[in-house]
Amino acid sequence: MSEASEGAEVPEVPGGGAAPAGGQADGDGGGPGAGASTTEPVDAAGSAGSAGFGGRELAPGVPMLASAVAVISLLVGALLVAMSLAGHAFSPWQTSGPLSPGLIGAAMLGVTPGLFAIGRARVWEEVRTLVLPLAVVLLGLLAVSLLNADKLQAAKGGSLVLVLFSLGWVAVLGLLGLSTVVCLARQYATSAHPFRERTAPLPGWSKPFLALLGSAWCGIGAGLLAVPGCWAAFVPWDVTRPDAQALGVWAVSLGTGVLGALAEDDLARTRPALLALPGVAVALAVVLGVRAADVDWASGPGLSLITMVGGLLLAGLVGRRLLSRHPLPRP
């Protein structure tokens with residue numbers, strides 16, 4: 001050993017001993033001095049939480065859109081359901097009876113809790129199983145209203161209340177549809193971080209059930225949308241063309257949500273959707289129960305309807321039960 005190394009004094013630390021050269025407390029560099037170099041990475045926006053959780057940061061417009069749609073759905077849905085339960089055919093277009101608009105209103109009411117829950121999420125992956133079906137509903141109902149413009153109450157010259165309601169229906173759907181397109185474009189323009197691994201994967205036994213349920217809703221919905229004159233026979237009550245297509249839009253939306261949850265394969269990414277599914281099922285059941293005389297329950301479509309609505313309720317309740325068993329991290 002050289003004289004220079006022998007003459008060098010090693011500084012003492014409190015409590016005795018010496019500090020290793022370079023300021024490292026242990027040979028692995030894991031002491032207090034090394035902590036600053038191992039901080040959690042921060043994303044481009046400066047949010048360490050979002051970067052640690054991964055995924056696309058939720059664009060501010062998405063919760064705002066969801067909240068606006070939730071309020072409108074609550075008000076309009078309650079109106080349609082109340083009129084249907086009272087036996088009045090209240091619809092923006094000509095309808096065959098109170099049941100179809102009542103079911104549309106019931107779906108609007110049922111999805112409201114899930115829409116309000118979107119505001120508590122931080123990343124897109126947690127809400128897309130509900131937001132994408134919402135886009136299907138808004139754009140689909142707008143398309144149905146425009147394609148059947150000659151059957152709107154405003155075109156047929158119904159009562160003043162129905163005429164004003166139909167005009168407001170189209171105007172609000174147009175505004176919300178445009179907002180949806182803008183919000184989705186901005187959402188997918190945000191940068192994405194690698195998303196964390198699945199923390200609550202779906203049980204294997206649930207996947208065939210979800211695949212069958214989602215396919216059933218998407219199938220009947222696509223048929224009602226594309227060929228309403230033929231597929232209306234699969235609806236166990238009388239419907240007009242716009243009724244059939246509007247119900248088809250909601251059916252496709254429900255199927256999209258169920259199949260989307262199956263594709264995500266993670267209960268943590270379906271929280272808002274798991275609130276919406278049982279809500280929609282219960283609201284539909286109430287309207288169908290009160291207007292039971294309008295439905296041909298003994299027919300094949302009637303039995304299929306019972307099974308499909310029951311499937312939505314079962315999927316939502318079981319999903320929430322399974323989710324409660326997992327202490328999931330929040331973003």
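**Helix packing and aromatic contacts in the predicted model**

When residues up to four places away in sequence are set aside, L74 touches L109 and T112. The residue belongs to helix α3, and because its relative accessibility is 40%, L74 counts as partly exposed. Between L74 and V111, which are separated by 37 residues in sequence, the distance from C-alpha to C-alpha is 9.0 Å.

These values, like those that follow, come from a predicted model. The mean pLDDT of the protein chain is 85, with 81% of its residues reaching 70 or more. Over residues 1–52, however, the pLDDT is below 50, and this stretch has 29 contacts in the model beyond near neighbours in sequence.

The secondary structure of the protein chain consists of twelve helices and two strands, and the order of these elements along the sequence is α-α-β-α-α-α-α-α-β-α-α-α-α-α. The chain has 331 residues, of which 46% count as buried.

With neighbours within four places in sequence left aside, T129 is in contact with G257, G260, A261, E264, R269, T270 and A273.

F90 lies in the loop between α3 (61–85) and α4 (99–117), whereas F165 lies in helix α7 (residues 160–189), so the pair ties together parts that are 75 residues apart in sequence. F90 and F165 are each buried. F165 also pairs with W169: the ring centres are 6.0 Å apart and the planes stand at 50°, so this pair is tilted as well. Both of these residues, F165 and W169, lie in helix α7, where they are four residues apart, or about one turn of the helix, and W169 is buried, as is F165. Through ring pairs, F90, W93, F165 and W169 are linked into a cluster.

The packing of two helices was then considered. Two packed helices are described by the angle between their axes together with the distance between the axes. For helix α11 (residues 271–290) and helix α12 (residues 300–324), the packing angle is about 145° and the axes are 8 Å apart. The crossing in which α11 passes α12 is left-handed. On the side of α11, the contact is made by R271, L274, L275, L277, P278, A281, V282, L284 and L288, while α12 contributes L305, V309, L312, L313, A315, G316, L317, G319, R320 and L323. By residue class, the contact of α11 with α12 comprises 15 nonpolar, two polar and two charged residues.

Terms used:
Residues numbered from 1 in each chain as written. Predicted model: local features only at pLDDT ≥ 70, side-chain atom pairs only at ≥ 80, totals over all residues. Heavy atoms only, no water. Axes fitted to C-alpha atoms, helices over the stretch in contact; angles between N-to-C directions. Left-handed = near helix turned anticlockwise from the far one by under 90°. Contact = heavy atoms within 4.5 Å. Nonpolar A, V, L, I, M, F, W, Y, C, P; charged D, E, K, R; others polar. pLDDT = per-residue confidence, 0-100. Buried < 20%, exposed > 50% of the residue type's maximum accessible area, 1.4 Å probe, protein only. Phe/Tyr/Trp six-rings, centres within 6.5 Å; stacked < 30°, edge-to-face > 60°.
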